[in-house]
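I opened my notebook for a look through this model. Here is what I looked up, entry by entry.

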Amino acid sequence: MTNTAAIETKNLSKAFGSVRAVRDLNLVVREGEIYGLLGPNGSGKTTLMRLLVGLTKADAGEMHVLGRVVPDTGLLAEIGYMTQAEALYVDLTARENVTFFASLCGVYSDTAVDQALDLVDLLNRADDIVAKLSGGLRRRVSLACALVHRPRLLILDEPTVGVDPQLRASFWEHFRGMANRGVTLLISSHVMDEAERCDRLGLMRGGQLLAEGTPDELRSRSGTDDLERAFLLLAKDEHAA
Amino acid sequence: MQRRRLSSMAKRVVTQIRRDHRSVALIFVVPMVVMGLLGYILRLDTGPQELGAVVNDLGAVLPTGDRIVVAGELIAALNSHDEIAVHDLDLEQAEAELIGGSLDAVLVFPEDLTENLLQGADARLEIVVEGSNAGQAQAVPLALGAVLGQEALALRPSGPALALEIDTRYLFAGEHYDFLDSFAPVYIAFFVYFFVFMLTGVSFLRERTQGTMERLFATPITRGEIALGYMFGFGLFALIQSAVILLFTIYVVQIQHVGNLALVFVLLGLLALGAVNVGIFFSTYARTELQVIQFIPIVIIPQILLSGLVVAIEDLPRLLRIAAQLMPLTYANRAITDVMIRGYGLSEVALDMVILLAFAIGALVLSATTLRRQFI
């Protein structure tokens, strides 16, 4: 199993001053699965993702991503990262943004750019300046920037915030399609109906994994049919213990 | 208008500004520092006026049988003034020191000075000044001529007055050059530096505030590539800007110049490349665009005051002279003035060019390393 792990962390820790954002975290994400990170604000989801991409340095512990030790700049061409912020050049068009980020990862083909824009259903607005696009449309541009270079691993930090239900559904169809082609996805969210669509879930709180498993496993472990209730119950259990 | 609402509004503004400690400090500290420095250097005691004397005067024998050399008498008289120091030199040496800035003017006493004076003929004396600073080029000969006239009169309290005719010669530029002609070169350099610094500082800051910097670092791009990319991108506009300012100043404002404009353009380009990287460097220490603007008093104003724009660098006290030598604008000003007013060529400004290039490279390394410090 370990040789097919896309992400593996051992005793990973990171603190910002007195705030311990990630604490002794052991996480394994298998190749080709959609792993959902759930947890309240400030539970360490974003810090974990930034650690995996090499944007911040771990205080302790080890990280292996796609079989290589992080940090490794060469690795970044195989990772697609979408931040919570839009992180777009608002004075460029959607297409120019996607083309730019593609080129940074060594992808210079117009077809790849078109395909990425098509995937997020943006071809008809591709040549609009980003500043003129609505929040939801900008999220789509961000996603296109993250996947244009066909990465083997996608790390998406709350990708569907501000996205309408219809588009959210189509995002998740694409996520599933990519997973079927062998792409690994690590997606953070606090929307429970999205959690349902993940292969496995990790519940984070206070920088640690409280519970982990498929949605069904989590439900049966907490003895409820409702994932949201399951999460609340599991969080409480751990707190009591 | 409701009073409560109004006071809420004002209170909010005050709280915001108070919380930005750097702004508060700058509001009070910067004007004092700038005014203090400006007052200091403008009232600087620049020491005595340093004159060179090239004495060719052969003298003459008076009817009484005594030998007299008027040049020597005049020099002795000038030396008796506290604010004047005269040094005997040959012409070549004197002109070299004039160009180097250690002399303010050179007096050339011709062979037949004494002879002509005694015979009541036209006695001509030459004052040589450097010329590229229009104000000095006009003021120095005028003041010196007046002192010489007085001293000539005093030499012969009785008998016919010595009638000295004074000619002024300029090594460069000359009396037909006005204030604008001599300051245009340094203004051009200043504008290029200032705008490039501001533009890069603000747009690089935007890169961080809109989150794209974080996105960039999640791709294989290196910090050096980011800094160099900025340098080339903004460098292009800086070069276009330099060309436009230069051509406008020369053909529309019609300032006088003698030098090779291509060389000036290259110098401006080097200055601009450094400014791009200084902009990147300082923007990493700013959180808002306001704070980028607040770097102007730190980066730009000292360079205005010390780079030779206000006071000649030779006249600054030691510490400030050292500070001036750490500023790229100092070298750009000197080299561009050399080319535009003195008509110097590549070989004479090559050293300044190399120094400007070194500043640009140093700033590039500095900006690339500060990029590294941000996330890891």
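Predicted model: local features only at pLDDT ≥ 70, side-chain atom pairs only at ≥ 80, totals over all residues.

I found 17 C-beta neighbours inside 10 Å, so Leu66(A) counts as partly exposed. Leu66(A) sits in the loop between strand 4 (60–65) and strand 5 of chain A. I noted its phi too: the value is near 50 degrees, positive in a residue other than glycine.

Next I turned to Asn11(A), which is not a glycine but has a positive phi of about 45 degrees. I placed Asn11(A) in strand 1 (residues 5–16) of chain A. Is Asn11(A) buried or exposed? Asn11(A) is exposed, because 12 other C-beta atoms lie within 10 Å and the cut-off for exposed is 12 or fewer.

Then I checked a peptide bond: Val70(A) and Pro71(A) are joined in cis, with omega about 0 degrees. I located Pro71(A) in the loop between strand 5 (68–69) and strand 6 (79–82) of chain A.

On to the cores. The largest nonpolar core has 88 residues, and Leu267(B) is one of those with the most contacts inside it. I saw that helix 10 (residues 261–283) of chain B gives the most to this core, 14 residues. Domain 2 (49–170) and domain 3 (178–373) of chain B each supply at least three residues to this core. Apart from it I noted another core of 77 residues, including Tyr81(A) and Leu218(A).

Last, I looked at where the chains meet: twelve residues of chain B are in contact with 19 residues of chain A. By class, I listed six nonpolar, four polar and two charged residues on the chain B side.

Methods: Residues numbered from 1 in each chain as written. Chains lettered and ligands numbered in written order. Core = buried A, V, L, I, M, F, W, Y, C linked by C-beta atoms within 7 Å. Buried ≥ 20, exposed ≤ 12 C-beta atoms within 10 Å, placed from the backbone. Helix = DSSP H or I, 4+ residues; strand = E, 2+ residues; numbered from the N terminus. Domains from an automatic or database assignment. Contact = placed C-beta atoms within 7 Å. Nonpolar A, V, L, I, M, F, W, Y, C, P; charged D, E, K, R; others polar.
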